[in-house]
Amino acid sequence: MAIDLGTGDGRAVLAAAARDPRTLVLGMDANAAAMAEASRRAAAAPKRGGLPNAAFVVASAEAAPLELRGRADLVTVRFPWASLLRGCLGRDRTVAAGVAGLVAAGGILELLLAPSVRDGLAGLPVEPDTVAGAAIRAFEEFGFAAIVARPATDAEVAASDSTWAKRLRAQRPVDRTVMLIRLVRTT
């Protein structure tokens, strides 16, 4: 099972489910309205483009359904903001614990983070190295080890199938760096 946490409009969930029909792909977000259209599309009959392996859950990271705890082989967090971004950067331990708790032993947590000074993030790191270091430290205490921590390539950003990624790609490269952080749960 894969979970796209903070999925927003759910486009990434639909794309992942279409790529691999054998994997259950869940989109989870605290905002039900954002996911409504993607949920409707996934629930359509398969002959009308529905995806029986895609589903959506209304929940925040810190209040994820108990049935999902420790079940995901892959959890992705793409371009988070607000409390989810603070959790991914170690500034909200409750959120970080919620994110970590979704990942199965041996599973992967993949983050695409792109904070910028112009976002007005009051005290959150924005420099690429400090973003990567903060994210790694945020999840080490929950039994994760870093596999990758580097700037994402344009192809990786595009492959995220995120609406926000399209907006970021339109910005000049000097405006913000997208960091790819991939961690494995070792415990």
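**Figure 1. Contacts and overall fold of the chain.** Among the contacts in the chain with a separation of 6 or more, 77% are made by residues 24 or more positions apart. The model shown here and in the following views is a predicted one. Its chain holds 7 helices and 7 strands, and these elements, read from the N terminus on, follow the order β-α-β-α-β-β-α-α-β-α-β-α-α-β. The chain has a radius of gyration of 16 Å, close to the 16 Å that the globule rule gives for 187 residues, so it is as compact as a globular protein of that length. Taken along the principal axes, the box filled by the C-alpha atoms is roughly 45 × 40 × 25 Å.

**Figure 2. Surroundings of Arg-78.** Arg-78 belongs to strand S4, which spans residues 72-78. The relative accessibility of Arg-78 is 17%, and because the limit for a buried residue is under 20%, Arg-78 counts as buried. The side chain of Arg-78 is joined to that of Asp-4 by a polar contact of 3.0 Å, and a polar contact of 3.4 Å joins the side chains of Arg-78 and Thr-76. When residues up to four places away in sequence are not counted, Arg-78 touches Asp-4, Leu-5, Ala-12, Leu-112 and Ser-160.

**Figure 3. Packing of helix H1.** Helix H1 covers residues 11-19, and its buried residues are Ala-12, Val-13, Leu-14, Ala-15, Ala-16 and Ala-17. Ala-12 is also one of the residues touched by Arg-78. The buried residues of H1 pack against strands S1 (2-5), S2 (25-29), S3 (54-58) and S4, and also against helix H2 (32-43).

**Figure 4. Ala-159 in helix H6.** Ala-159 is located in helix H6, which comprises residues 154-159. Ala-159 and Thr-7 are 152 residues apart along the chain, and their C-alpha atoms are separated by 15 Å.

Notes
Residues are numbered from 1 along each chain as its sequence is written. This is a predicted model: local features need pLDDT of at least 70, side-chain atom pairs count only at pLDDT 80 or more; totals for chains, interfaces and linings use all residues. Side-chain values use heavy atoms; hydrogens and water are left out. Helices (H or I, at least four residues) and strands (E, at least two) are DSSP runs, numbered from the N terminus. The radius of gyration is taken over C-alpha atoms; the globule rule is 2.2 Å times the number of residues to the power 0.38. Contact means heavy atoms within 4.5 Å. Buried means under 20% relative accessible area, exposed over 50%, partly exposed in between (1.4 Å probe, protein chains only). A polar contact is a pair of N or O atoms within 3.5 Å; within protein, one must be able to donate a hydrogen and the other to accept it, and residues adjacent in sequence count only if both atoms are side-chain atoms.
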